[in-house]
Amino acid sequence: MAANGDADASTTASDRSIQPPSMGKLITILSIDGGGIRGLIPATLLAFLEAKLQELDGLDARLADYFDMIAGTSTGGLITAMLTTPDKDNRPVFSAKQLNEFYLENGPKIFPKKKAGPLTQVATMAGLVMGPKYDGKFLQSKIRSLTRETRVSQTLTNIVIPTFDVKYLQPTIFSSYEAKSDKLKDALISDICISTSAAPTYFPAHYFETKDDKGTKREFHLVDGGVAANNPVCNGAIFFKKMHENSDFFPIKPIDYGRFLIISLGTGTAKQANKYTAFECAKWGVLRWLYDGGFTPLIDIFSHASADLVDIHASVLFKALQSENQYLRIQDDSLDGDLSSVDVTTKENMENLINIGKGLLKTPVSRINLETGVYEHCDEGTNADALVTFAKKLSDEKKRRNAKTN
């Protein structure tokens with residue numbers, strides 16, 4: 001591989017695509033939270049990480065070349081699809097540095113702002129009672145144009161995207177691994193992305209069907225996976241355990257969780273903003289729980305609770321394994337005002353979200369306090385330092401696998 005430049009002419013497709021963990025020492029997972037337009041925050045971090053990989057391995061390097069699995073919920077699921085859906089040359093349709101361009105260009109069309117007026121809030125409340133805030137037509141059209149007829153089994157690396165089936169009241173998780181052996185789970189990437197983005201009160205639920213070679217059909221009635229797993233890192237680990245049962249993929253049994261290398265990226269929360277109090281919530285009825293001054297308290301609480309609980313579990317596991325340096329969670333829990341909203345797409349707000357991502361690079365590595373749920377700085381350098389270290393580990397692992405394969 002060429003360093004600090006374009007990949008040289010000898011670079012082959014097998015050199016670029018990731019080889020199975022059985023060829024190396026680590027199990028690499030990237031996880032991206034849900035959060036609507038706040039996806040600009042992890043997108044900014046991913047652009048930095050990919051740039052560091054390109055400095056090591058050439059400008060053709062892409063994140064899908066380094067991770068055994070990429071997991072994403074809602075807007076994180078959309079990012080996952082953009083990073084792993086193949087183009088005509090069997091390379092990702094988007095590089096990481098193009099993600100922010102996508103959000104800046106399409107965010108205002110996905111979340112169109114309604115004209116303000118004296119009855120705006122009343123109309124919004126009435127709209128929430130009558131139906132979702134947005135019809136989702138532009139988002140659906142955009143996703144279909146980007147992913148075309150690509151199915152989950154055809155992604156450039158293994159992906160995991162959670163959704164929730166409202167008919168059966170249970171999570172439905174799509175993965176490349178399962179799709180390769182179960183045609184009924186081999187859905188179009190577009191249907192999966194539309195489903196995982198269908199946040200209640202914001203977008204309509206999504207229905208589609210799949211069919212296997214025998215003509216058997218399966219129907220799906222799906223909404224945003226964030227209602228069950230806004231932070232999908234555990235979904236990724238669970239599905240890797242299923243993949244581990246395939247001895248060709250990773251033959252060592254039992255699985256050694258100390259070999260996991262995980263990067264988990266949040267989209268920011270408003271935890272420290274003191275947005276709600278028990279005194280206020282005690283007076284709320286159904287409507288106030290669904291909508292309060294431009295925010296959706298019930299959705300906020302569900303998504304924060306699931307994301308933080310997953311981070312707590314992962315933190316406890318890696319601490320017990322004495323491998324905390326193998327798990328990096330980057331999250332800002334001090335967002336406030338428009339920044340904490342999932343659908344404020346003014347130019348100013350979107351640029352501020354990008355700046356938050358850039359600011360997180362300069363922020364010391366933080367770990368969640370298991371008692372308070374607050375992220376506290378550690379003496380481990382900045383997040384940028386950590387991502388540089390992880391980039392080197394990812395590059396070394398890729399070269400290790402390629403060398404063994406060759």
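This is a friendly dialogue on how to read a few features of a predicted model.

Me: I'm new to this structure. How many helices and strands are there in the protein?

Reply: Welcome! The secondary structure comes to 15 helices and 10 strands. The protein has 406 residues, and buried residues make up 53% of them. Please keep in mind that the model is predicted.

Me: What share of the contacts joins residues 24 or more positions apart?

Reply: Among contacts with a separation of 6 or more, residues 24 or more positions apart account for 74%.

Me: Where is K52, and what does it touch?

Reply: K52 sits in helix α2. Leaving out residues up to four places away in sequence, K52 touches V388 and A391.

Me: Is K52 buried, partly exposed or exposed?

Reply: K52 is partly exposed, because its relative accessibility is 21% and buried means under 20%.

Me: How should I read a nonpolar core?

Reply: Start with the general idea. In soluble globular proteins, nonpolar side chains tend to be buried together. In this structure, the largest nonpolar core has 68 residues, and L46 and F67 touch the most other members. Helix α2, residues 40-57, gives the most to this core, with 7 residues. A second, separate core has 12 residues, including I27, I29, A71 and I173.

Me: Which residues is F67 in contact with?

Reply: Setting aside neighbours within four places in sequence, F67 is in contact with I18, T28, I29, L30, L49, T157, I263 and L394.

Me: How do I read a helix, and how many residues of α3 are buried?

Reply: The general idea comes from the turn of the helix. An α-helix has 3.6 residues a turn, so residues three or four places apart point the same way. Now look at α3: this helix is mostly covered, with 10 of its 10 residues buried. Among them are T75, G76, L78, M82 and T84.

Me: How do I read a pair of strands? In which sense do β3 and β4 pair?

Reply: β3 and β4 (residues 170-175) pair in the antiparallel sense over 6 bridges. I161 stands opposite F174 in β4. These two strands form a hairpin with 4 residues between them, and L169 in the turn has a positive phi of about 50 degrees.

Me: Which strand pairs with β5?

Reply: β5 pairs with β6 (residues 217-224), in the antiparallel sense and over 6 bridges. H206 stands opposite L222 in β6. This hairpin has 5 residues between its strands, and G215 in the turn has a positive phi of about 90 degrees.

Me: Which residues make up the covered face of β5, and which the uncovered one?

Reply: In β5 (residues 206-211), H206, F208 and T210 form the covered face, while Y207, E209 and K211 form the uncovered one.

Me: Last topic: how do I read empty space inside the protein?

Reply: Rolling a probe the size of a water molecule over the atoms shows where empty space is left. A search of the whole structure finds 6 cavities of 30 Å³ or more. About 430 Å³ of space lies in the largest cavity.

Me: What lines the largest cavity?

Reply: The lining has 35 residues, of which G35, G36, S74, D224 and V342 lie nearest the centre of the cavity. The elements that give two or more residues to this lining are α3 (75-84), α4 (99-110), α9 (226-229) and α13 (297-320). α13 gives the most, with 5 residues.

Technical notes
Residues numbered from 1 in each chain as written. Predicted model: local features only at pLDDT ≥ 70, side-chain atom pairs only at ≥ 80, totals over all residues. Heavy atoms only, no water. Core = buried A, V, L, I, M, F, W, Y, C linked by side-chain atoms within 4.5 Å. Buried < 20%, exposed > 50% of the residue type's maximum accessible area, 1.4 Å probe, protein only. Contact = heavy atoms within 4.5 Å. Pairing = 2+ DSSP bridges. 1 Å grid on protein atoms, 1.4 Å probe; cavity = no way out; pocket = protein on both sides within 12 Å on 5 of 7 lines; lining within 4 Å. Points joined across faces, edges and corners; volume = space filled by probe spheres on them.
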